[in-house]
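Notebook open, structure loaded. I went through it piece by piece and wrote down what I looked up.

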Amino acid sequence: MAATFDTTEQRILKIIDDNRETIVEFARDIYDHAELGYKEFRTSKKFVDFMKSLQLPVQTDLAITGAKAYLNKEKAGNASLALIGELDALRIPQHAHANQETQAAHCCGHHAQLAGVIGAALALTDAEVAQKLDGQVIFFATPAEEYGEIEFKNQLIADGRIAYGGGKCELIRIGAFDDVDVALAHHISLEGIRLGSNSGNGFVSKVIRIKGKAAHAAGCPEKGVNALSAASLGLQALALNRETFRDEDCVRVHPILTKGGDLVNVVPDEAVLETLVRGKTLEAFADASVKTDRSFKAGALAMGAGYRIETMPGYLPSLWQPAPEEMADAVKALAGEKTVYEVRPEEHSGGSTDVGDVQHLLPVITFNTGGAVGGLHQVDFDIVDEEEAYVLTAKIFALSAYRMLKDGAEVTKRTKQEYHPRFADKQEYIAFMDSFNKVEEADIE
């Protein structure tokens, strides 16, 4: 180790090793107390309290539950690096570690991100280490990365508490990323240690309401208009449209029915569906969005029902971004005999993340650690190697931050200078996002 890491790096690693139990216990606690997007109040408080215990200034209530802790704030003018950990979980109440109060479970490993960020903070706030950092470090807890509970988020929008369903999208809008030059992000991978960000799908979200007419389902069904039947026809039409999606566009449309009626002996007068419409490019998911709307309009027309289709901006496509050589060298040294896979430009994921929105404005370097089994977003997900999932994550965050900010923060400055953002500023981003807000409706015949 001494031949690979300089004296400060050895100090960083020792601090993390000495605090292993603190990091692991933090992760376990979050794992057992999962919360859903924009409701992560306990998780956020735990993060904030921890950062305050390190004597860091903390900004709270960002996009409802987001928080930022600052180290070396006086050096922000030279360079500013954010370490991102996501607060939210998924609604998977059957999971072994599900929080029965919230019905949420961390089946995507966001708790490991938070453990990595607080572990890095333990090391980087050491006085001897902090003075070697020629820039600001932001320990950033971000809400609502998982895009679920669309109706709940729509109510938050209606109440004026947010404008976007995605946490980072909202943080961009309110200016919480304005003081960030480069960001580091982590995700659990079932494939072990990986370096770099692969591209991924963007999407729009929809709430589709089919308006029918109630009637006694046995006595006089002919007097009703069955909204559930209209929704079923819409789903069939959408299924038949799938053959028109090009393979290279990686289109994914996956609706759920959240309401299909009120009583079994009453013709359903309302059916409600939520769906995301994803694609590799803006053009791809815009085309799929039109076909999705058309399908449910057709189902409503066939049954004489009305409809209301609300389309909202979701996430922009995520972009391929390699890790700087200095960070890659640190990860490979930490991995030892374990393989470190570097993401190739042609790799693409059908999933989506609001990290992609941030990437349209500034570079975000992603790395993955393993230690998990089962399937992401699935009930059999679990952590089986806490050393890799939590402690190694903290070490990679901390060493990467050190290497990017030492020696005048040359690596951070170079990474920012060589990056070509898709949008010039957040105002351009906001205008683009708002162009996806649309409502189409027709009354029952």
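**Two helices at an angle**

I started with helix 12 (residues 386-405) and helix 13 (residues 410-418) in this predicted model. Their axes come within 4 Å and cross at roughly 85°. Anything from 65 to 115 degrees counts as roughly perpendicular, and helix 12 and helix 13 are therefore roughly perpendicular to each other. I then checked which residues make the contact: R403, M404 and L405 from helix 12 meet E410, V411, T412 and T415 from helix 13. By type, I get three nonpolar, two polar and two charged residues in that contact.

Next I asked myself which strands helix 12 lies across. I found strand 3, strand 6, strand 7 (182-188), strand 8 and strand 17 (364-369). Against strand 7, helix 12 runs at about 165°.

Eight strands form an open sheet, and I read the order as 1-2-6-3-7-17-8-15, with mixed pairing. Strand 1 and strand 15 (340-342) are the edge strands, each pairing on one side only. From one strand to the next, the twist averages 20°.

I looked up some of the pairings one by one. Strand 1 (residues 58-62) and strand 2 are antiparallel over three bridges, and I noted K68 of strand 2 as the bridge partner of Q59. The two form a hairpin with three residues between them. In that turn, A63 has a positive phi of about 50°.

On to strand 2 and strand 6 (residues 136-142), which pair in the antiparallel sense over five bridges. Here Y70 has I138 in strand 6 as its bridge partner. Strand 3 (residues 80-86) pairs with strand 6 in the parallel sense, over seven bridges. There I found E86 opposite T142 in strand 6.

How many residues of strand 2 (residues 66-71) are buried? I counted six of the six, so the strand is largely enclosed by the rest of the structure. I also sorted them by direction: G66, K68 and Y70 point one way, A67, A69 and L71 the other way, and all are buried.

**Helix 6**

In helix 6 (residues 150-158) I listed I150, K153, N154 and L156 as buried. Looking down the axis of helix 6, I saw that its buried residues fall within an arc of 155°, so they line one face of the helix. What covers them? I noted strand 10 (202-211), strand 13 (270-279) and strand 14 (306-315) among the elements that do. Just after helix 6, G160 takes a positive phi of about 80°.

**N198**

Last, I went to a loop. N198 is found between strand 8 (193-195) and strand 9 (199-200). Buried, exposed or in between? N198 is partly exposed, with a relative accessible area of 25%. Leaving out residues up to four places away in sequence, I have N198 touching S318, L319, W320, V343, E347, H348 and S349. I also checked N198 against A144, 54 residues apart along the chain: their C-alpha atoms are separated by 21 Å.

Methods
Residues numbered from 1 in each chain as written. Predicted model: local features only at pLDDT ≥ 70, side-chain atom pairs only at ≥ 80, totals over all residues. Heavy atoms only, no water. Axes fitted to C-alpha atoms, helices over the stretch in contact; angles between N-to-C directions. Parallel < 35°, antiparallel > 145°, perpendicular 65-115°, else oblique. Contact = heavy atoms within 4.5 Å. Nonpolar A, V, L, I, M, F, W, Y, C, P; charged D, E, K, R; others polar. Buried < 20%, exposed > 50% of the residue type's maximum accessible area, 1.4 Å probe, protein only. Arc of directions from axis to C-beta. Pairing = 2+ DSSP bridges.
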